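The exercises below ask for a careful reading of helix packing, cores and individual residues. Please work through each task on the structure before turning to its solution.

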Amino acid sequence: MTLDDFPPRQTKQAHYPIAFRLEAVRRVEAGEVQRVVAAAMGIAPITLIEWLRRHGTAAYALLKRKVYTSAQKHAIVRELRTGLLSEADALLKYGLREKKTLRLWVAAQVAAEVVAAAPAPDPPAEAAGTADLAAQLRQAQWQIEALHTLIDQAETAYKIDIRKKGGAKPSK
């Protein structure tokens, strides 16, 4: 089914018919690749993504990739490392698809603990301004962590992607 099967739009800015939108959503939810559906129906892929967000079923929304905050990842890893959950149980409980994801989170947390546990080198006695610089550095790191937490919360609350994802095309 293409746009030709529906009444024509009056202008290029006019909305697509709701039946056309629902047909596109139905095809994607039936398992067709979004890019293929968008090309076949003569619409932009981003338009199809927006229609899926607006008109998609709850079941389809559950299949989408979930975004976890650092606090959620930390809690999941803690359950794994304390033995409360096996990898298979964690996959089921948190809706993850691959064990590799869990293993990467565990490795990242272990690396962070090693870095945190490493003793800081003693500052040289002759550098009088290093204490001030170290305090400023700690303040800047705290502000960066607070901003990351704020962005995580905003992404969760408003259900939008704020951070640029790796591999994304550069904007023009």
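**Exercise 1.** Describe how helix α5 and helix α7 pack, and which residues make the contact.

Solution. Helix α5 (residues 70-82) and helix α7 (residues 99-117) have axes 10 Å apart and pack at an angle of about 95 degrees, where helices are DSSP runs of H or I with at least four residues and strands are runs of E with at least two, numbered from the N terminus. Axes are lines fitted to C-alpha atoms, for helices over the stretch in contact, and angles run from 0 to 180 degrees between N-to-C directions. The angle therefore makes α5 roughly perpendicular to α7, given that angles under 35 degrees count as roughly parallel, over 145 as roughly antiparallel, 65 to 115 as roughly perpendicular and the rest as oblique. From α5 the contact (heavy atoms within 4.5 Å) draws on K73, H74, I76, V77, R78, L80 and R81, and from α7 on L102, W105, V106, Q109, V110 and E113. Sorted by class, these are 7 nonpolar, 2 polar and 4 charged residues; Ala, Val, Leu, Ile, Met, Phe, Trp, Tyr, Cys and Pro count as nonpolar, Asp, Glu, Lys and Arg as charged, and the others, Gly among them, as polar.

The model is predicted, so local features need pLDDT of at least 70 and side-chain atom pairs count only at pLDDT 80 or more, while totals for chains, interfaces and linings use all residues. Residues are numbered from 1 along each chain as its sequence is written, and side-chain values use heavy atoms, with hydrogens and water left out.

**Exercise 2.** Which residues have the most contacts inside the largest nonpolar core?

Solution. The largest nonpolar core has 13 residues, and I43, L48 and W51 have the most contacts inside it; such a core is a set of buried Ala, Val, Leu, Ile, Met, Phe, Trp, Tyr and Cys residues joined through side-chain atoms within 4.5 Å. Two or more residues of this core come from each of α1, α2 (34-41) and α3, and α1 gives the largest share, 4 residues.

**Exercise 3.** Is D152 buried or exposed, and what does D152 touch?

Solution. D152 is found in helix α8 (residues 130-158) and is buried, with a relative accessible area of 14%. Not counting residues up to four places away in sequence, D152 touches T69, S70 and R163.

Technical notes. Buried < 20%, exposed > 50% of the residue type's maximum accessible area, 1.4 Å probe, protein only.
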